[in-house]
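Subject: Structure handover

Hello,

Please find the structure below.

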Amino acid sequence: MFGVVLALSIGAWMLLALGLPRHRQAVFGAAASDRGGHLLRLAGWSLLPLAFAIAVEDHGWGQGPIFWAAALVIAALAWVLLMALWPRRSWCLATALALLSAGAGLA
C-alpha cells in the first residue's frame with residue numbers, strides 16, 4: 001500500500017504546485033484563472049489527509065505517520081526534479097508515475 005500513498009502524495013504535490021500561477025505558466029505556457037488555481041490547490045490539500053489515512057490504516061499509528069512522511073518527501077523530490085528537468089512534460093510524467101505507484105501498491 002506504500003505505492004498508493006506515494007501516488008496520492010505525488011498527485012498532491014503536483015496539484016498544489018499547479019495551483020500557483022507561476023508553476024501553471026511554466027508547465028502550460030499561459031496562466032490559468034485564479035478560480036482554477038484554487039480548485040487545484042483544494043484538490044491537492046484533500047489528497048494529503050487521504051494519503052495519511054491510508055498509511056495509518058495499513059501500518060497503524062506507530063508507523064503509519066512515518067511511512068506517510070517518507071512518501072511526502074519522496075514525492076516532493078520527484079516533483080521538484082520533474083519540474084526542474086522537464087517543466088512542460090512534468091504533469092504528464094507525474095501522472096504516469098502516480099499511476100505506476102498506485103498499480104504497484106495495489107498489486
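The model is predicted, so local features need pLDDT of at least 70 and side-chain atom pairs count only at pLDDT 80 or more, while totals for chains, interfaces and linings use all residues. Residues are numbered from 1 along each chain as its sequence is written, and side-chain values use heavy atoms, with hydrogens and water left out.

Helices here are DSSP runs of H or I with at least four residues, numbered from the N terminus. Helix H1 takes in residues 2–18, which is 17 residues. From first C-alpha to last, H1 reaches 24 Å, close to the expected 24 Å; the expected span is 1.5 Å times one less than the number of residues. Of the 17 residues in H1, 15 are buried (under 20% relative accessible area; exposed is over 50%, and partly exposed is in between, with a 1.4 Å probe and protein chains only).

On the surface, Leu77, Leu81, Leu85, Trp86 and Leu93 form a nonpolar patch with about 490 Å² of accessible area together. Such a patch joins nonpolar side chains within 5 Å, from residues with over 30% relative accessible area and no salt bridge (a side-chain nitrogen of Lys or Arg within 4 Å of a carboxyl oxygen of Asp or Glu). Areas come from the Shrake-Rupley method with a 1.4 Å probe. Helix H3 (residues 34–85) gives the largest share of the patch, three residues. Leucine 77 lies in H3 and is exposed, at 53% relative accessibility.

Next, the rings. Rings of Phe, Tyr and Trp (its six-membered ring) pair if their centres lie within 6.5 Å; planes under 30 degrees apart are stacked, over 60 edge-to-face, and the rest tilted. There are three aromatic pairs by this rule. Phenylalanine 2 and phenylalanine 67 have ring centres 6.1 Å apart and planes at 65 degrees, so they are edge-to-face. This pair links helix H1 to helix H3 across 65 residues of the chain. Phenylalanine 2 is partly exposed at 27%, and phenylalanine 67 is partly exposed at 30%. Ring pairs also link Phe52, Trp61 and Trp68 into a cluster.

Last, the two buried residues. Arginine 24, in helix H2 (residues 21–28), is buried at 2% relative accessible area. A polar atom of the arginine 24 side chain lies 3.0 Å from the backbone oxygen of leucine 18. Alanine 71, in helix H3, is buried at 0%.

Regards

Conventions:
Patch = residues over 30% accessible without salt bridge, like charges linked within 9 Å, V, L, I, M, F, W, Y side chains within 5 Å. Polar contact = N/O pair within 3.5 Å; in protein donor to acceptor, adjacent residues only side chain to side chain.
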